[in-house]
Every structure is written in structure tokens, then in C-alpha cells.
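Please look over the sequence and the model before reading on.

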Amino acid sequence: LITTSAFSIIGQNAPNFRFPDKNGKLHSLKHYKGKIVLLQIWATWCGPCRRSMPRTQALHNRYKSKGLNVIAINIEGRNSPAPAYIKNNNYTFKVLYSEGTYGKRIMKKLRVRGIPYMILIDKHGVIRFAGHPLSISEGLIQNALNDRLPDVKILKLTSLIGNLEKYISWNSQNRNWKYAGGRKRWVALLKGANTLQKIKTT
């Protein structure tokens with residue numbers, strides 16, 4: 001489940017990272033300067049992560065030739081079931097490996113507190129989306145590729161609404177969802193969205 005912390009990093013510069021691929025070769029975000037990057041944080045033990053991967057592959061297939069760079073960062077490390085999982089499912093996007101937990105500094109900078117977690121970084125290195133992989137719209141990706149992204153405040157509003165829908169959908173299956181600890185945070189952010197709505201008329 002994505003937490004409300006994802007909302008706050010939209011509009012910020014993406015922090016650099018340096019992770020190895022399955023062969024141990026290190027890859028850094030700075031090598032993608034001037035390019036559109038779609039990051040997904042995931043693990044094989046995460047059911048929602050596995051369910052989101054086919055769409056990530058579809059986005060990779062559809063937009064790779066147009067300049068989209070899909071990078072999946074696995075948090076289990078290279079010596080885990082992840083490399084075999086990627087091979088067995090014929091996923092062809094780039095996969096890097098972070099050995100550790102959400103406590104790692106880069107994960108804290110990206111506000112990763114739940115997975116699956118996806119981030120869209122524009123060609124200027126600015127985060128334009130942060131949230132559940134199934135919440136990102138292809139229109140946003142297309143606008144990023146065509147350098148026609150809307151104001152950051154509008155993106156924050158739409159991201160909040162998309163993640164709120166996922167939160168309600170997930171918790172509606174829980175008999176005690178209305179008592180969930182994150183509910184008050186979502187209510188507070190929704191009130192903030194009502195304020196952000198005013199920017200459409202300014």
C-alpha cells in the first residue's frame with residue numbers, strides 16, 4: 001500500500017542512486033540525465049508488485065522506442081529469487097538490486113514506505129508522479145515524452161486523487177477499514193486537495 005508521503009515529493013528533484021544489475025554492474029540515475037525515467041520499487045514476495053509488473057512491461061514495450069527508460073529496483077538483492085522471477089516471466093526492462101529495507105537512505109529520500117511504488121522523472125530530473133504503478137496514466141507518460149507536462153501543483157492533485165482511490169479500494173475490503181491508521185492522514189490531504197483545486201482558476 002502506498003502511503004501519503006509519496007504525495008510530498010512530486011515537484012522535487014530526484015535523488016541520485018547507484019545500484020547493481022544482476023551481473024554486478026553499477027547503474028546510476030545521473031547517467032539518464034535529460035531522459036524520461038520510470039522507476040518501480042518492488043519485491044517478489046509482494047503480491048500487488050507481481051500483479052503490477054505486466055503493466056510495467058507493457059509500458060516498456062509501448063514507449064521504449066519513444067524514449068521511456070523503465071527501471072525496476074528490487075529490494076531483495078541479487079542473491080534472491082528476483083533474477084529468476086524476471087527471467088521466468090520474460091520481463092525485459094532494466095532491473096537493479098538494492099540489498100536492504102526501506103531504511104536505506106535512498107529509499108528514505110524517495111519516501112518509499114510501501115510497495116509497489118512507482119516514480120516518473122522528467123528530462124529535467126524532476127519527480128512528476130509518485131504512487132501505485134496502476135495509478136499512473138499513459139497520458140502523463142506521453143506528455144512527459146513530448147515535454148508537455150502540466151504544472152506541478154496540478155500533478156500533485158491528480159496523484160493524490162489516484163492514490164486515494166487505491167487506498168479506498170484496498171481498505172474497503174477490510175471490515176475495519178474506517179479505523180485504519182492512515183485514514184486521518186488521507187482526510188487531511190484531501191482537505192489540502194480542495195485548496196489546490198483553486199489553482200485551476202488562478
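Which residue in β6 does Leu38 stand opposite? Leu38 stands opposite Leu120 in β6.

## Basis of the report

The model is a predicted one, in which local features need pLDDT of at least 70 and side-chain atom pairs count only at pLDDT 80 or more, while totals for chains, interfaces and linings use all residues. Residues are numbered from 1 along each chain as its sequence is written, and side-chain values use heavy atoms, with hydrogens and water left out.

Helices (H or I, at least four residues) and strands (E, at least two) are DSSP runs, numbered from the N terminus.

## The sheet

Two strands are said to pair if DSSP finds at least two bridges between them.

Strand β3 (residues 36-42) runs parallel to β4 and is joined to it by 7 bridges. Gln40 has Ala72 as its bridge partner in β4, and Trp42 has Asn74. With β6, in contrast, β3 pairs in the antiparallel sense over 5 bridges. On its other pairing, β4 meets strand β5 (residues 94-97) in the parallel sense over 4 bridges, where Ile73 stands opposite Leu96.

## Two buried strands

In this report, buried means under 20% relative accessible area, exposed means over 50%, and partly exposed lies in between (1.4 Å probe, protein chains only). In strand β4 (residues 68-74), 7 of the 7 residues are buried, so the strand is largely enclosed by the rest of the structure. Both of its faces are covered: Leu68, Val70, Ala72 and Asn74 lie on one side, and Asn69, Ile71 and Ile73 on the other.

Strand β3 also has 7 of 7 residues buried, and is therefore largely enclosed by the rest of the structure. From β3, Ile36, Leu38, Gln40 and Trp42 point one way, whereas Val37, Leu39 and Ile41 point the other way, and all are buried.

## Crossovers and helices

A crossover is right-handed if, with the strands pointing away from the viewer, the path from the first strand over the helix to the second runs clockwise. The chain passes from β3 through α1 to β4 in a β-α-β crossover that is right-handed. A right-handed β-α-β unit is also made by β4, helix α2 (residues 82-88) and β5.

Two packed helices are described by the angle between their axes and the distance between the axes. For α1 and α4, the angle is about 35° and the axes are 12 Å apart. The crossing of α1 past α4 is right-handed; a crossing is left-handed if the near helix is turned anticlockwise from the far one by less than a right angle, and right-handed if clockwise. Contact, meaning heavy atoms within 4.5 Å, is made by Arg55, Leu59, Arg62 and Tyr63 of α1 and by Glu138, Ile141, Gln142 and Leu145 of α4.

## Salt bridges

A salt bridge is a side-chain nitrogen of Lys or Arg within 4 Å of a carboxyl oxygen of Asp or Glu. By this rule the model has 3 salt bridges. One of them joins the side chains of Arg62 and Glu138 (2.7 Å, N to O). Arg62 lies in helix α1 (residues 47-63) and Glu138 in helix α4 (residues 138-145), so the pair ties together parts 76 residues apart in sequence. Arg62 is partly exposed at 41% relative accessibility, and Glu138 is partly exposed at 24%.

Asp122 and Arg128 form a salt bridge at 3.0 Å, N to O. Asp122 is buried, with a relative accessible area of 4%, and Arg128 is buried at 14%. The side chains of Lys123 and Asp147 meet at 3.2 Å, N to O. This pair links distant parts of the chain, 24 residues apart: Lys123 is in the loop between β6 (117-121) and β7 (127-131), and Asp147 in the loop between α4 and α5 (152-171). Lys123 is partly exposed at 34% relative accessibility, as is Asp147 at 47%.

Technical notes. Axes are lines fitted to C-alpha atoms, for helices over the stretch in contact, and angles run from 0 to 180 degrees between N-to-C directions.
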